[in-house]
Amino acid sequence: DESPSEVPDKELRFSRFDPVDQRLQIINDDKNFSPIVSEYMKKHWHLANSGFNYNIVAVFGSQSTGKSTLLNRLFGTNFDVMNEASGRQQTTKGIWVSKSDESNTLVLDVEGTDGGERFEDQDFERKSALFSLAISEVVIVNMYENNVGLYNGANLGLLKTVLDVNLQLFQQAGNPKTCLHFVIRDFTNQTPLERLQATVTTYLEKIWSTLNKPAGKEDCSLYDFFVLNFSGLPHKIFAREAFESAVAKLRTRFSDPTALDYVFLPVLHKRVPADGFSSFAHDIWERISASKELDLPTQTQLLAEHRCEEIAKEIFDEEFLVESIAALKRGVEVGRVVEEFGEVVNNVVDECIMKFDENGSRYNSIVYKRKRAEFYKRMATYLLPVYNAQLTNITKTRIAAFSASLSAGLAADVDAGVPINFAKHTTAVRREAENSFLAGAASSRLSQVADDEWSAAGQYGQLVEEIERISAELRSGAVDKMLKAVEGLAVGNMNDNVLGRMNSGASVGMWVSILESFKEALDFEELQIQKRGQGFEASAEELELWKSTLRWQTWTSLLETLKKETADDAILARLKGIFDNKFRYDEQGIPRLWNLDDPIDSYFASATEDAEKALSIFAKLDVPLKLIGDNIIDDQRFDPACVTIIPANRLQNIRERFKRDAQTLFVEAKRSMVVTTAK
Ligand code: GDP
Ligand code: MG
């Protein structure tokens, strides 16, 4: 079941053609345009990639005037010719195309009519003429010599049609002209070719003058639109040799670009790139078929739009872009910052643009440039999410690096035992983070994308925001650490002094001296904050806040120390010390050995009195409040009751416990006195 179905259905349905042949019926008997022209351009004619390097020639003329015979001779084509023996021919009304065997030339064999009066014939003649003129560089007008000057019937209609329909093309001055190449058949040379040429030219000019010109084109000349060429061909049978040599010469004119009388002058080229030919010809035929106006410049522009879009789509559909960035996309998606991002995307996009230019640049330059920009933008749009992911990764990486570097810098200061220079570290690290973000974002960009299309502003904002948040967090941690360190030093010193003072007994000067230590601590703190605050670029308000925080904490620490040192057991121990000092030791600090005649009662009384006096001193911070300092006593949290170190209820209890202990010591002393004396 293989062989017949090898030929696709549409080809069979559409046109009669021999698959091994070069021929294609481009417009079929039903006047439909072939759907496989672009396939033929690629596979049979190999012209699809020729750009502008191809030409189109068409032939016009009455039926059975040897047109197909001529084309076959000139271009090595295989168009149907009338069977000379039977005089029969398939009378098709289509248009056939084939490719020259010698050059990049497409040859259109336009079936002529017999010049009949039937509307249908005239209509197709007009339409096929219009179609041929719109796409061909050269139109061969085929006529017998003996018909030159006999302007009736077939010839008259044909020439009038050719000139008239050309006006429909609305050709602007400067648009390519079309060459009408008159081939005079059965040329005898009885009348020189120049005479025939003059006759035909005069006639053409006459027709031209009678035609209705479009508005604004009333004065334009035949030669604004046409180049005229003339050749004579002797009788094919009666002057066979002369015929063959004339055909050979004519063949050179159509196939050899170096020939002096080469017919396909560059100025004639319709500037339809080969890859757009089928689409252009199709559109033109559809408009002609529907009897719509045909405006070639507009048509060329539409073709450019259509083709440029198709070219872009083809490049997109090849998935070259998608595949080329697949690895990069995967990297970005797993959170990596892809270093070569910009290089890769720019290379891929440039390559796609180069592919686009290859075919696209041949089309209408305004349209091409617009479509090229659109294509670029489309690729940019496709790549934008990947770019954004890259930016997000850069942002994350930069934030993590910022946080780590700043923490490390702060830790280094601490390790080195120098005041934390937060401002110095943060400035350097922040600049580094911001600069490398901007550099990474810039190097990842497509080189020709608009700033607002691929903007890094959002992510940059996030980066800055995050940097600020982390800075603030680390700063506040570092400030806390610094305050703690200062407080630790100040309070440690103060406590040492306070303890020393309390241990050396209570006297009137004790409280003044303790408050002096407190003041010293505050002074130390103030100085330290002033110094270390610079590293944090602290404002005056902030410095003040830190100082007052420390001040209050130091005050609270002092109160805590005092409370601790006057807790029941601690104060009792202290009182006992004072008591012992007087009672158990003499002035030189040597333990007494009691004698019976010693005034033990008065010692005891005096020692007890000392201890009780001390207790009442310890019990209350009894100094003028202003010695504590306005800063403290003006604080809302300050409680004037805090000057009571040992409240009255506890005081009573301590006093009793002390008395009991003292009594015990007294009894012991008395007993020792007896023992000593008894010895
Ligand atoms: P077409 O209908 O115009 O394509 O004509 P064909 O090429 O089919 O030829 C029609 C008839 O004209 C055939 O019998 C040819 O042999 C004959 N013929 C071809 N070339 C010439 C020529 O140069 N002079 C004359 N008198 N007859 C020719
Ligand atoms: Mg023919």
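User: How far apart do the C-alpha centres of domain 1 and domain 2 lie?
Analyst: In this predicted model, the domain assignment places domain 1 at residues 47-81 + 90-256 and domain 2 at residues 303-455. Between the C-alpha centres of these two domains, the computed separation is 58 Å.

User: Is the protein chain spread out or a compact globule, and what is its radius of gyration?
Analyst: The chain holds 21 helices and seven strands. For its 679 residues the globule rule gives 26 Å, and the computed value is well over that, so the chain is more spread out than a compact globule. Taken along the principal axes, its C-alpha atoms fill a box of roughly 185 × 65 × 45 Å. The radius of gyration asked for is 56 Å.

User: What share of the residues of the protein chain counts as buried?
Analyst: A residue counts as buried when its relative accessible area is under 20%. The accessible surface of the whole chain comes to about 34,200 Å², and 51% of that surface belongs to carbon and sulfur atoms. Of the 679 residues, the share that counts as buried is 45%.

User: Which strands stand at the edges of the sheet?
Analyst: The open sheet is built from seven strands with mixed pairing, in the order β1-β3-β4-β2-β5-β6-β7. Two of these strands have a single partner strand each, so one side of each is left without a neighbour in the sheet. From one strand to the next, the twist averages 25°. The edge strands are β1 (24-27) and β7 (226-233).

User: Which residue in β3 is the bridge partner of Leu-24?
Analyst: Strand β3 covers residues 95-99, and its pairing with β1 is antiparallel over three bridges. Within β3, the bridge partner of Leu-24 is Val-97.

User: What angle does the direction of helix α6 make with that of β7?
Analyst: Helix α6, which spans residues 193-210, packs on the sheet and touches both β6 (178-185) and β7. The angle between the direction of this helix and that of β7 is about 145°.

User: Where is Asp-186 found, and what is its phi near?
Analyst: Asp-186 is found in the loop between β6 and α6. With a relative accessible area of 26%, Asp-186 is partly exposed. Its phi is positive although the residue is not glycine, and the value is near 55°.

User: What is the relative accessibility of Arg-271?
Analyst: Arg-271 has its place in the loop between α7 (240-255) and α8 (277-289), and its phi, near 60°, is positive in a residue other than glycine. Arg-271 counts as partly exposed, at a relative accessibility of 45%.

Note on methods: Residues are numbered from 1 along each chain as its sequence is written. Chains are lettered from A and ligands numbered from 1 in the order in which they are written. This is a predicted model: local features need pLDDT of at least 70, side-chain atom pairs count only at pLDDT 80 or more; totals for chains, interfaces and linings use all residues. Side-chain values use heavy atoms; hydrogens and water are left out. Domain bounds come from an automatic or database domain assignment. Two strands pair if DSSP finds at least two bridges between them. Helices (H or I, at least four residues) and strands (E, at least two) are DSSP runs, numbered from the N terminus. Axes are lines fitted to C-alpha atoms, for helices over the stretch in contact, and angles run from 0 to 180 degrees between N-to-C directions. Contact means heavy atoms within 4.5 Å. The radius of gyration is taken over C-alpha atoms; the globule rule is 2.2 Å times the number of residues to the power 0.38. Buried means under 20% relative accessible area, exposed over 50%, partly exposed in between (1.4 Å probe, protein chains only). Accessible areas come from the Shrake-Rupley method with a 1.4 Å probe; for residues, only the protein chains shown count as cover.
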